[in-house]
Amino acid sequence: MGQPLPAVFSHVNPAPLAAASAAQVHQATLLDGSDVVLKAQRPNALDQVTLDTDIILRLARWLNTTTPWGKSLGVLALARGFADSLEEELDYRIELNNMRSIEASLAHSGKFSVTVPHACHQLSSERLLVMEQLPGSPVSSAGTLLTEISGGERTALAQTLLGATLEQIISDGVFHADLHPGNIFITPEGTLGLLDFGSVGRLDPATQTALGMMLYAIDKHNAAGATDAVIELLDRPENLDERARLERPLRPLLPHRPVPAAHCCSAGRIRSAGRHLADNQQRRTCPH
């Protein structure tokens with residue numbers, strides 16, 4: 001931070017709240033009395049990850065040149081993407097911007113009661129992230145709390161999480177991409193909170209539209225439409241000379257008929273999402 005800890009914090013708990021291979025998380029209090037959480041990167045984490053990813057890239061290059069399946073599966077591109085993703089996760093300035101993007105997305109929507117801790121931009125850096133303390137417990141350790149609330153309340157929480165995620169994907173193209181139980185919090189008020197924005201997905205408008213069309217096709221049991229959407233999502237392979245060869249295995253995966261929203265907490269959300277993007281696609285392709 002370029003200055004002694006007492007110049008910024010009145011207290012820093014030396015015992016970590018959590019510890020992982022790349023970072024530790026500590027509770028602290030700012031001079032103004034605000035409770036915050038510090039995510040501090042381990043001193044040698046970046047060097048270790050660089051060595052490990054170098055091994056992965058060397059193996060991927062070897063597989064790409066010596067095996068037909070390595071080149072066919074795009075092993076080298078996959079390894080490069082993995083290495084780039086790890087490098088981004090170790091730059092906490094990127095995570096800070098991710099937090100701000102998701103926070104702004106939820107605030108703009110205003111539909112879902114999901115909290116994202118506000119980051120202290122002026123105190124954060126490449127290897128240190130300072131953010132508000134999010135009260136509550138992660139889902140991974142909130143078993144007692146979840147058994148005490150009713151099934152209806154649990155369903156509502158699940159619908160809120162699904163709805164917020166679909167909203168991020170469809171409306172903004174920026175979404176939390178690491179929603180494991182340790183990153184989803186239940187607050188004391190019974191609402192949801194999200195943590196750890198090192199892995200955030202970003203979609204271009206064409207991909208958003210293709211996803212929406214796929215959801216809409218699934219809802220309508222339209223195998224041809226789902227096939228078109230899958231081809232659009234994954235880019236048409238050069239050797240795809242018979243479209244029906246892809247459509248046939250897709251057909252059994254679709255529901256036999258549209259699922260009533262009352263029978264599935266996700267059906268209404270997915271149907272709305274699909275129609276929203278389908279309408280957008282029609283407006284793009286038809287001037288009338």
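Helices (H or I, at least four residues) and strands (E, at least two) are DSSP runs, numbered from the N terminus.

**Entry 1. Basis.** I note that this is a predicted model, in which local features need pLDDT of at least 70 and side-chain atom pairs count only at pLDDT 80 or more, while totals for chains, interfaces and linings use all residues. Residues are numbered from 1 along each chain as its sequence is written, and side-chain values use heavy atoms, with hydrogens and water left out.

**Entry 2. The chain as a whole.** I looked up the secondary structure of the protein chain and found 10 helices and 11 strands. Of its 288 residues, 36% count as buried; buried means under 20% relative accessible area, exposed over 50%, and partly exposed in between (1.4 Å probe, protein chains only). I take contact to mean heavy atoms within 4.5 Å. Among contacts between residues at least 6 apart in sequence, 56% join residues at least 24 apart. The accessible surface, by the Shrake-Rupley method with a 1.4 Å probe, comes to about 16,900 Å², and 55% of this belongs to carbon and sulfur atoms.

**Entry 3. Ser105.** I located Ser105 in helix H4 (residues 92–109). Is Ser105 buried or exposed? Ser105 has a relative accessible area of 6% and is therefore buried. Leaving aside neighbours within four places in sequence, Ser105 is in contact with Gln168 and Asp172.

**Entry 4. Helices H1 and H3.** I examined helix H1 (residues 45–66) and helix H3 (residues 75–89), whose axes come within 8 Å and cross at roughly 170°. H1 is therefore roughly antiparallel to H3, a term for angles over 145 degrees, where under 35 counts as roughly parallel, 65 to 115 as roughly perpendicular and the rest as oblique. The axes are lines fitted to C-alpha atoms, for helices over the stretch in contact, and angles run from 0 to 180 degrees between N-to-C directions. Residues making the contact include Val49, Ile56 and Arg61 of H1 and Leu76, Arg80 and Phe82 of H3. The contact residues divide into 11 nonpolar, two polar and two charged; Ala, Val, Leu, Ile, Met, Phe, Trp, Tyr, Cys and Pro count as nonpolar, Asp, Glu, Lys and Arg as charged, and the others, Gly among them, as polar.

I also checked Leu78, which is in H3. Leu78 counts as exposed because its relative accessibility is 63%. The C-alpha atoms of Leu78 and Ala60 are separated by 8.6 Å, with the two residues 18 apart along the chain.

**Entry 5. Strands.** I record that two strands pair if DSSP finds at least two bridges between them. Strand E4 (residues 35–41) pairs with E6 in the antiparallel sense over five bridges, and Val36 has Glu132 in E6 as its bridge partner. Strand E6 (residues 128–132) is mostly covered, with four of its five residues buried.

I then followed an open sheet of four strands, in the order E5-E10-E9-E7 and with mixed pairing. Its edge strands are E5 (114–115) and E7 (137–138), each pairing on one side only. E5 and E10 run parallel and are joined by two bridges; Val114 has Leu192 in E10 as its bridge partner. Helix H6 (residues 151–172) lies across E5, E9 (184–186) and E10, at about 40° to E10.

**Entry 6. Positive phi.** Asp196, although not a glycine, has a positive phi of about 60°. I found Asp196 in the loop between strand E10 (192–194) and strand E11 (200–202). His221, also not a glycine, has a positive phi of about 55°, and this residue lies in the loop between helix H7 (205–219) and helix H8 (223–234).
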